[in-house]
Amino acid sequence: MRRFVTVSDMEIDELYTQETLDAAGWDRTRDLGRPGAFPFTRGVHPTMYRGKLWTMRQFAGFGTPEDTNRRFKLLLAEGQGGLSTAFDMPTLMGYDPDHPRARGEVGKEGVSVASLADMEVLFGDLPLGEITTSMTVNCTASIILAMYLAVAERQGTDWGRLGGTVQNDMLKEFIAQKEWICPPEPAVRIVVDMIEYCTERVPRWNTVSISGYHIREAGATAVQELAFTLADGIGYVQACVDRGLDVDAFAPRLSFFFDVHNDFFEEIAKFRAARRMWARIMKDRFGARNPRSMMLRTHAQTAGVSLTAQQPMNNAVRVAVQALAAVLGGTQSLHANAIDEVLALPTEETARLALRTQQILAHESGVANTVDPLGGSYFVEALTDRMEREAMAYIERIDRMGGIIKAIEEGYPQKEIADSAFRYQQQVERGEQVIVGVNRFAVEDDTPLPILKVDESVERKQADRLAEVKRRRDASAVRRRLDDLRQACEGRANLMPALLDAVKAYATVGEISDVYRAVFGEYRDPGHF
Amino acid sequence: MSTARSSASTGTRGISSRGRTVRILVGKAGLDGHDRGAKVIARALRDAGFEVIYTGLHQTPEMVVETAIQEDVDAIGLSILSGAHNYLFPRVLELLRERGADDIVVFGGGIIPEEDIEALRQAGVKALFTPGTTTQEAIDWVRANVKPRA
């Protein structure tokens, strides 16, 4: 008999009715409520997109800081509301462009940044007090944030006006994205230092973007994405509370980031369940009193992993459906993928189409005219309820293991995800999950898309600029600043002041990361499969 | 450096006519963390009866080749999704030649543009599997093209 399942292999009933909800003990007042009020199932704002549309935030970055600065200006001119920065792998892993480990990777998957000199070019002529900037960076987030603050200071922009986000979610790095320097304990200490510092000094900055995106892309089901992401959130809040911070002082600046996959209703339900769960966790588990501490504000990105190299134009349809799900799920900001992201970084043309997809949803489809249009749907409410229940079971299991850091050290979420990825691949190969153009409706000769090639000269240009920076800076000042940083790392002081001094002296991402490596040690992939 | 190894206890299909199980190093070269494909393929090859050694993430070409020689493997399957394939594959091949181990078959997978594939084949990469390849296709290819080294 044919099974009707979601892309996460969750079985779906033929019909959902009031009886379905009654049987699950669903309560309209307790579980649904009103938008803008606890438990925020229907959205974090009372007026949602009538008051303010979601922020269209397309992720961009490649090549030299000049290349990316140009792309930023193009996207802003095309009507994008905020910036989102992709860094290259050496920057993300704490290696300078002249390091042997950086060979072949400089500027390839994002923009190359080695010192404040690069950051000054990257954000040159951009009004940092007026736009918000998201930066996808994790184990080197503390360094990049220090550089951003230094650039703002030199541009004369008060830190109180700076808005934006650093991803800075190290727990999901160990679980899924896997870019790291030091082991989990010191990695979380650095995250907490940043939260503590920004709470006081950069009050509008989102200090962590607790991310399910990479967890899902690595192969997790929707429920696993939900569960591991919120478990990571619990981990950070607990670490901050253990540091002695007041939960209502820092929690309003925590934000989230979810994937939006193909299965339309499963995704919508996931966003709704995430908001309700976080509200309950913050209120009941951590005793938060400020409603803003209980609000799960989120960014969303359409699922890169769902895109196909075969018949790539089909990806435009996938992206539109996924983006619609994110909007109906109530996201605060969104990146729609470009159709060629399975092949390379997007060209200007495909990046524009992705932004236009969002603009068509916002201005033509009418879905932004009312708040939570699917609220009260038997199916959506039942699915929301079920996802909450199943995700909570995972969180309880992680609690029993002693928390998320212990679970990560035991490889538990990593193994769950690898199992799901393998199971999904088998389902695809057996034809139980259909991928149009790949395992059904395939054609022999596909028309290839023209793709963006990153100029191979970027590596040399960036190494040259770095050499120039090193010639011009005060070498003894750099040494002193790095020594100060080392002492801060060895002690318990907040690292941010020492980091700011170091980046202002033009100490590099690689040099500062070497201090982390020397003091905290390096984490290695356990390599389970 | 850590490697994980595994072979299916009941599998016999990875055993060639010459009697020894074919050993494959699945390597994840480069600085990126995209290990979903490498892990799926490692597990599929193991389930198909091959002995599989997985390097884990963030390997340099030097580390991959060192492990391949120490573990006496018959093939290296490199997974690369960082855009650095034009450096990493040729470097691995070069190091294998330097170490006199160029009879180790090198194949790979990842996000590799069509126009780079031909040049990499010419350089000595025996097969490149791009998105949409089934694990069965990869298994069939390995079975047909990788024999135990003398």
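Predicted model: local features only at pLDDT ≥ 70, side-chain atom pairs only at ≥ 80, totals over all residues.

Tutor: In the chain, A:Ser142 belongs to helix α6 of chain A, which covers residues 141-155. Leaving aside residues up to four places away in sequence, A:Ser142 touches A:Ile190, A:Met194, A:Leu495 and A:Leu499. One of these, A:Leu499, stands 357 residues apart from A:Ser142 along the chain, and yet the C-alpha atoms of the two are separated by 7.6 Å.

From this residue we can turn to a pair of helices. In general, two packed helices are described by the angle between their axes and the distance between the axes. In chain A, helix α10 (residues 222-243) packs with helix α16 (residues 378-400) at an angle of about 50°, and their axes are 8 Å apart. Because of that angle, α10(A) is described as oblique to α16(A), and the crossing of α10(A) and α16(A) is a right-handed one. On the side of α10(A), the residues that make the contact are A:Ala222, A:Val223, A:Gln224, A:Leu226, A:Ala227, A:Leu230 and A:Ala231, while α16(A) brings A:Met387, A:Glu390, A:Ala391, A:Tyr394, A:Ile395 and A:Ile398. Sorted by class, the contact of α10(A) with α16(A) has 11 nonpolar residues, one polar residue and one charged residue.

Chain A also contains an open sheet of five strands, whose order is β2-β3-β4-β5-β6 and whose pairing is parallel. The edge strands of chain A are β2 (59-60) and β6 (205-206), each of which pairs on one side only. Strand β2(A) is joined by two bridges to strand β3 of chain A (residues 83-86), and these two strands run parallel. If you look for the bridge partner of A:Ala60, you will find A:Thr85 in β3(A).

Finally, we can look at where the two chains meet, for 34 residues of chain B are in contact with 35 residues of chain A. On the side of chain B that touches chain A, the helices α1 (36-47), α3 (85-98) and α5 (135-145) of chain B each supply at least two residues, and the largest share, five residues, comes from α1(B). By class, this side of chain B has 12 nonpolar, 16 polar and six charged residues.

How values were computed:
Residues numbered from 1 in each chain as written. Chains lettered and ligands numbered in written order. Pairing = 2+ DSSP bridges. Helix = DSSP H or I, 4+ residues; strand = E, 2+ residues; numbered from the N terminus. Contact = placed C-beta atoms within 7 Å. Nonpolar A, V, L, I, M, F, W, Y, C, P; charged D, E, K, R; others polar. Axes fitted to C-alpha atoms, helices over the stretch in contact; angles between N-to-C directions. Parallel < 35°, antiparallel > 145°, perpendicular 65-115°, else oblique. Left-handed = near helix turned anticlockwise from the far one by under 90°.
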